[in-house]
Amino acid sequence: MNELNIEQILRGEGTPSEREAFFARVAADKQLKEQYILRKNEQTFATMPYEPKLTGRRSKPVRRVSLAQTLTRIAAVLFLPLCGYFVYDTLLRVERVDEFAQVAQSDFVNEINYRVDRGVKGHVVLADSTEVWINSDSDLKVPATFDGAGQRVVALSGEAYFVVKSDAEHPFFIKTPQNVLVKVTGTEFNLTAYAERPDIHLALVEGSVELLKEDIKEPIQVKPNEEAFVGQHDKVVASNEKRVVDKSVWKEGVLKFTSTPMKEMIQRLERWYGVQINVQSRAVYDAVFTATFSEESITQVLDLLEFTSKIHYTIDNNKVVLSK
C-alpha cells in the first residue's frame, strides 16, 4: 500500500484504505497535522476570487470621498474577517467530511463478530474496557484491539446498550446499516439500528453524542434525556429520565411495551422469544399494546394479547399465527 503525501490527499488521490492510513498518521503526528491544515488553508485561499495584495504607503492629497467609495472601503474592511470565518468554517466542514469518509470506509483488522441469536442476550467487554450489552438478533463487529491511531471504531446491526470508556483523544465511533455514525468520547446510551429500519434510534442516559451523516453539514448533537431518530428522517426530541431508562430495560430481562404499534410489537416478540409470527388478517395491525413482561412465556404473552385486543392466535412449536 502506497503512503500518500499531503499534496496527493488534497488532489483527492488514493484508495480509501490509503487515505485512511494518511489520516491515521495525521492524528498521531502533530507536525504533520499542522502542515496539512496549513496547506488546506493555502488551497482554500488560492481558489477565492480575490487574493490579498501588499501595497506600500504613500502620501495622498486630500480629496472628497463619495458615499459609494466609503461603502466600498467599509466592505473591504469587512471582507477579510468574513473570509477568515469562511475559511475556518470551510476547513471544519472539510475535516468533518474527511472524518466521516475515513470512519465509514474503514475496515477492521483481526475482526471479531459477536452474533446474538433470537431469544438470547449478550454482554461483552471490549479491548478498551467499554461494556456492551447486546440484544437479540444483533451483530456487533469490533477489532481484536484498538491500535491507538486516534479512533475506536465498531459496527452494530441490531440493538445494544453502550457504556463507553472515556478517552477524549480517541473518539469512539459506531457504524450502522443506515450509514449513520455515532461519535462519543465517554458516555452511556441505548442504540437501536436494525438493518430493516430506515432510522436509528438513540436514547442518551448521560454524556454527549454526535450523529454524523454524509449528506448533512453539521453533526446532530444529542444531550442527556433526549432521544434521536436519524436516517431517513432526522429529529431529536426531549424526553425524560424514565422514558430513556425504559428503552434499555431489556438488558435486565424486562420486555416493555408502551402504546406500541402491533407491527413493532410482533418484531420484538419474534426476537425476544425466537419465534416466527405470521399475520392472517391486516386488522391485527390496528391494535396497540401496553404491557410489561419479565418471566412470562410466549403463550402467556399471547393469552394477554388475545384477552385485551381480541386477537386470536394459534401456536405450533415456534410458529405463531395471528388473526382477528
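β14 (255-261) gives the largest pocket seven lining residues, the largest share from any element. The model is predicted: local features need pLDDT of at least 70 and side-chain atom pairs pLDDT 80 or more, while totals for chains, interfaces and linings use all residues. Residues are numbered from 1 along each chain, and side-chain values use heavy atoms, without hydrogens and water.

**Pocket**
- The largest pocket holds about 1,000 Å³ of space.
- R197, K247, T260, E264 and R268 are the closest to its centre among 34 lining residues.
- A pocket is an open set of points on a 1 Å grid where a 1.4 Å probe fits, with protein on both sides within 12 Å along at least five of seven lines; lining residues have an atom within 4 Å of a point.
- The lining comprises twelve nonpolar, nine polar and 13 charged residues.

**Helix packing**
- α6 (262-273) packs with α7 (residues 298-309) at about 165°, the axes being 11 Å apart.
- That angle makes the pair roughly antiparallel (over 145 degrees).
- M262, M265, L269 and Y273 of α6 meet I298, V301 and L305 of α7, contact meaning heavy atoms within 4.5 Å.
- This contact has seven nonpolar, no polar and no charged residues.
- Helices are DSSP runs of H or I with at least four residues, and strands are runs of E with at least two.

How values were computed
Points joined across faces, edges and corners; volume = space filled by probe spheres on them. Nonpolar A, V, L, I, M, F, W, Y, C, P; charged D, E, K, R; others polar. Axes fitted to C-alpha atoms, helices over the stretch in contact; angles between N-to-C directions. Parallel < 35°, antiparallel > 145°, perpendicular 65-115°, else oblique.
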